[in-house]
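Biologist: I am new to this one. Walk me through it, and tell me what each label rests on.

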Amino acid sequence: MKKKVAAIFMASMMALSLAACGSSGGSSDSGKTDSGDKSAASTADTGSGEVEKIIVSFPTWTGAPADTEKVQEAINDITRDKIGVEIELSITDFGSFNQNTTLALSANEEIDVLACVGFPYATGIQQGYLSDLEENDLLATYGPDIADAVGQQNIDACRVGGVLYGLPSNRDIAQGRGCAAIATEYLDGIGYEVNSDDEIVKISLDELNDIYAKLHEAYPDKEVYRPTTGSMSQFSNVDSLGGNVFGVLLDYGQNLDVVNLFESDFYKDYCARLYDYNQKGYISADASTDTTAVGELVKAGTLMSYTTGGKPGIKAQESTLTGRDMTIFQTLDDYISSTSVAGMPWTIPISAQHKEAAMKFLNECYTNADVANLLAWGIEGTHYKIGDDGLATYADGVDASSSGWNHSMGWMMPNQFLTHVWEGNDPDLWTEMKNFNDNAKVSKASGFSFDSTNVANEITAVQNVYNEYQTSVEYGFVDPETGIAEMNDKMMTAGLQKIIDEKKAQLEAWEANK
């Protein structure tokens, strides 16, 4: 799912981009697993045989991979004949995705399929950028297999005000909170022994702080830890109602008291810890302005640790992302928040020029393993191969640094459960993931969706204040004793209390009518 955050994640997302070109090794049977031919949408009449071209937009950590056009063409080799649709992949780096998407949608530029990863789903709805997916029976007619793939209950969790604007993905719905990824070689350097078979190492926050102190002492020239804009949410027990932190539930949402996060002891303690890290020199001075993805910094050997979300397969995912063996530590519980299911939905913007074609393509993404594997791993034989153990690995002569399609964001795609399991993971990873989702602590507000219509102006104003202060306060660059109060005062002036009161009223009504 989802992940860090890269300019983070998570918080987070998957990748693909651009125009059609000659298929260098991307024939119609590249990466095939012979699936998905039963879809009602797949047999849709394409009329005169004309093919509709759609633009599919989502982020990767570093932007469009080198072989985007090859993968795009391999997908088109399937979809042109099967559903009369070809795609152009529009891929932006995660750090720029929100701004670029907002500019494109505000200018009514064509985007037919959009992943709300890094671009908030709630913002898209609030600004009127997203289509009602059930209008004119769009989903029922052109995406008839999607509900079976992800479950009607999960689809219903994406409704806001009763309207379905997005479709959930099959991924890690739950998230292990309070996780830190640390490059194993540096742990070896301080004599910290780790069982390489452990997917996640459960420790206390005090133990994590002790590890960071030893890393800083042993490697004073390296950055110990790099926070991102998603780190606070990942390293917390906070339920961000409605997809923002302006009125939240604490204690994993085990009670329905909506509170001001910025006046909570949790937030004060979190920011104080980051301030302490900064004072000790753990965090680079340019952390608040440098948008380089944390995975790239670890890969370059300048950073040792960052926050991520725990889940089955996270060790292999982060190791692939960074090109280094990573150890994952977890200090909090596995958790499903009120917005977890709808955290990263796939949508069709109102600027889409071919909505029916867009939904047909989404139906393929959710049901066709060939398309799912192309999106996740690229072209079989070019980017990956299947080993004797049945697990995917890099193709001959290819590694993490040389692969032209290595975005490490398979969790962002519509149906990760259709894809090959990557080497280093348990072959039963997707079964483990389903069990992980089933056994996580669940917010009592799970399924609640917040309609921001009545406070749209206040959310915009408060978000602007938060954007102004977030990195300085949450990255530890200002004393939280003064920084939090100043930020909170300005947010209250901008309408924070009105947002909190609106969330309280809607949550109470939702609870009364369950």
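Biologist: By class, how many nonpolar, polar and charged residues has the lining of the second largest cavity?

Modeller: That lining has 6 nonpolar, 6 polar and no charged residues. Ala, Val, Leu, Ile, Met, Phe, Trp, Tyr, Cys and Pro count as nonpolar, Asp, Glu, Lys and Arg as charged, and the others, Gly among them, as polar. First, a caution: this is a predicted model, where local features need pLDDT of at least 70, side-chain atom pairs count only at pLDDT 80 or more, and totals for chains, interfaces and linings use all residues. Residues are numbered from 1 along each chain as its sequence is written, and side-chain values use heavy atoms, leaving out hydrogens and water.

Biologist: Which residues line the second largest cavity?

Modeller: Among them are Trp377, His383, Tyr384, His407 and Trp422. About 60 Å³ of space lies inside.

Biologist: What makes a space a cavity and not a pocket?

Modeller: On a 1 Å grid over the protein atoms alone, a cavity is a set of points where a 1.4 Å probe fits but cannot get out. A pocket is an open set with protein on both sides within 12 Å along at least five of seven lines. Lining residues have an atom within 4 Å of a point.

Biologist: What is in the largest cavity's lining?

Modeller: The largest cavity has 19 lining residues, and nearest its centre lie Gln317, Trp377, Gln416, Trp422 and Asn425. Its space is about 210 Å³. Helix H12 (314–322) and H15 each supply at least two lining residues. By class there are 10 nonpolar, 8 polar and 1 charged.

Biologist: Which residues make the contact?

Modeller: Tyr267, Lys268, Cys271, Ala272 and Tyr275 come from H10, and Pro480, Ile484 and Met487 from H17. Contact means heavy atoms within 4.5 Å. By class, the contact has 7 nonpolar, no polar and 1 charged residues.

Methods:
Helix = DSSP H or I, 4+ residues; strand = E, 2+ residues; numbered from the N terminus. Points joined across faces, edges and corners; volume = space filled by probe spheres on them.
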